[in-house]
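Hi everyone, thanks for coming. Have a look at the structure on the screen, and I'll talk you through a few spots in it.

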Amino acid sequence: MIDLVDIPSNPVPDGAVAGMVPAPDGPHLRYARWPLAVHPGRGTVILLQGRAEFIEKYFETVRDLRRRGFAVATFDWRGQGGSDRLLADPRKGHVRGFETYVSDLMTVMRNVVLADCPPPYYVLAHSTGGAVALLAAERLRTQVDRMVLTAPLVALRGPRGVPPGLVRNLARLGFAHSYIPGGGATILATRPFRGNPVTSDRERYLRTNAVIEGDLRIGVGSATIGWAAAAIRASQRFARPRFAERVPIPVLMVIAGADRVVSNSAIETLASRIGTAAHVWIPGSLHEILMERDLYRDQFWAAFDQFVR
């Protein structure tokens with residue numbers, strides 16, 4: 001197991017319990033949970049990351065949630081962070097299909113959340129995590145009260161500009177394990193701050209970089225063609241007219257107004273079709289709202305507090 005990376009600029013929040021849980025098909029998933037910090041508590045938030053992220057990146061968010069009276073449970077998706085990697089090259093961000101991520105979520109729900117965390121349960125998910133939460137919503141309907149999704153991956157703006165048709169064809173031709181065109185092994189969080197598409201907050205961006213430097217094993221490079229094809233298939237499911245009927249849980253989708261990673265129009269369209277969903281915009285925010293400047297984060301927390309009462 002890769003221990004939680006603890007550095008001065010990003011210390012592990014008090015009370016952490018971390019471990020590994022095996023998925024039914026073999027890979028082990030690294031998880032962490034935190035108990036209530038105030039009593040009486042308000043339940044547990046299950047925190048779902050985006051692609052190429054890791055538990056340590058959300059320590060600030062863990063503290064924000066615990067101050068609000070929540071216990072927190074989170075984990076690394078297979079293929080990233082401290083969870084088992086799927087390919088010989090550990091830098092490749094790969095998955096065969098988002099249904100596998102749904103299975104990982106249900107594994108952690110059974111073995112960590114329902115076993116050790118106080119109800120009621122809420123989901124806070126970012127980007128890829130938001131896509132997984134939507135795909136899992138029907139299965140979670142008896143377990144989760146509400147979901148808040150930041151910049152959910154309802155549709156990509158295009159994997160580095162590569163046409164979806166080309167991605168699907170390359171995957172079918174046997175290139176699923178190759179990096180997407182233009183991608184490579186450079187860990188995403190170590191790229192220069194200038195011009196990055198995820199946050200305008202230099203300090204938080206460099207904090208993530210410092211965590212990676214604390215243990216390079218948790219870092220991931222570009223996505224594979226297979227991962228991109230899986231994301232496209234998930235987007236096609238979201239676009240089906242009847243998908244909205246499969247989301248029976250109240251959902252708040254928080255849209256980053258200046259997002260350059262996912263399609264805001266696709267998020268807005270899906271939110272308008274789901275009878276249990278609402279959406280709010282945070283103008284000017286880049287993709288990673290929870291890693292953004294306080295100007296944007298404060299707007300997010302105001303919406304969260306209003307929705308999760």
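So, Glu 60: leaving aside residues up to four places away in sequence, it touches Arg 204, Arg 207 and Arg 297. Keep in mind that we're looking at a predicted model. You'll find Glu 60 in helix α1. Is Glu 60 buried or exposed? Its relative accessible area is 18%, and the cut-off for buried is under 20%, so Glu 60 counts as buried.

Now for one of those arginines. Arg 297 makes a salt bridge with Glu 60, and their closest N and O atoms are 3.7 Å apart. What does that pair tie together? Well, Arg 297 sits in helix α8 (residues 294–307) while Glu 60 sits in helix α1 (residues 59–67), so the bridge joins parts that are 237 residues apart in sequence. Arg 297 is buried as well, at 5% relative accessibility.

Which residues are linked in the network of salt bridges? They are Glu 60, Asp 64, Arg 67, Asp 201, Arg 204, Arg 207, Asp 294 and Arg 297. Zoom in on Arg 204 and Asp 201: their side chains meet in a salt bridge, 3.0 Å from N to O. Both of those residues are buried too.

Let's stay with α1 for a moment. The buried ones are Phe 59, Glu 60, Thr 61, Val 62, Asp 64, Leu 65 and Arg 66. What covers them? The cover includes β2, β3 (44–48), β4, β5 (121–126), α5 (202–214) and α8. After α1 comes Gly 69, and its phi is positive, near 100 degrees.

How many salt bridges does a search of the whole structure find? The count is 19. Another one to look at is Arg 30 with Asp 76, where the closest N and O atoms are 2.8 Å apart. Arg 30 is in strand β2 (residues 28–34) and Asp 76 is in the loop between β4 (71–75) and α2 (98–116), so this bridge ties together parts that are 46 residues apart in sequence. Again, Arg 30 and Asp 76 are both buried.

Okay, moving on to a pair of helices. Helix α4 (residues 164–175) packs against helix α6 (residues 225–239) at an angle of about 130 degrees, and their axes are 9 Å apart. That angle makes α4 oblique to α6, and the crossing is left-handed. Who meets whom? From α4 you have Pro 164, Val 167, Arg 168, Leu 170, Ala 171 and Phe 175, and from α6 there's Ile 225, Ala 228, Ala 229, Ile 232 and Gln 236. Sorted by class, this contact has nine nonpolar residues, one polar and one charged.

Last stop: Leu 156, in the loop between β6 (144–150) and α4. Leu 156 counts as partly exposed, with 23% relative accessibility. How far apart are Leu 156 and Ala 228? In sequence they're separated by 72 residues, yet in space it's 9.0 Å from C-alpha to C-alpha. Not counting residues up to four places away in sequence, Leu 156 touches Trp 227, Ala 231, Ser 235, Val 261, Val 262 and Ser 263.

Terms used
Residues are numbered from 1 along each chain as its sequence is written. This is a predicted model: local features need pLDDT of at least 70, side-chain atom pairs count only at pLDDT 80 or more; totals for chains, interfaces and linings use all residues. Side-chain values use heavy atoms; hydrogens and water are left out. A salt bridge is a side-chain nitrogen of Lys or Arg within 4 Å of a carboxyl oxygen of Asp or Glu. Helices (H or I, at least four residues) and strands (E, at least two) are DSSP runs, numbered from the N terminus. Buried means under 20% relative accessible area, exposed over 50%, partly exposed in between (1.4 Å probe, protein chains only). Axes are lines fitted to C-alpha atoms, for helices over the stretch in contact, and angles run from 0 to 180 degrees between N-to-C directions. Angles under 35 degrees count as roughly parallel, over 145 as roughly antiparallel, 65 to 115 as roughly perpendicular and the rest as oblique. A crossing is left-handed if the near helix is turned anticlockwise from the far one by less than a right angle, and right-handed if clockwise. Contact means heavy atoms within 4.5 Å. Ala, Val, Leu, Ile, Met, Phe, Trp, Tyr, Cys and Pro count as nonpolar, Asp, Glu, Lys and Arg as charged, and the others, Gly among them, as polar.
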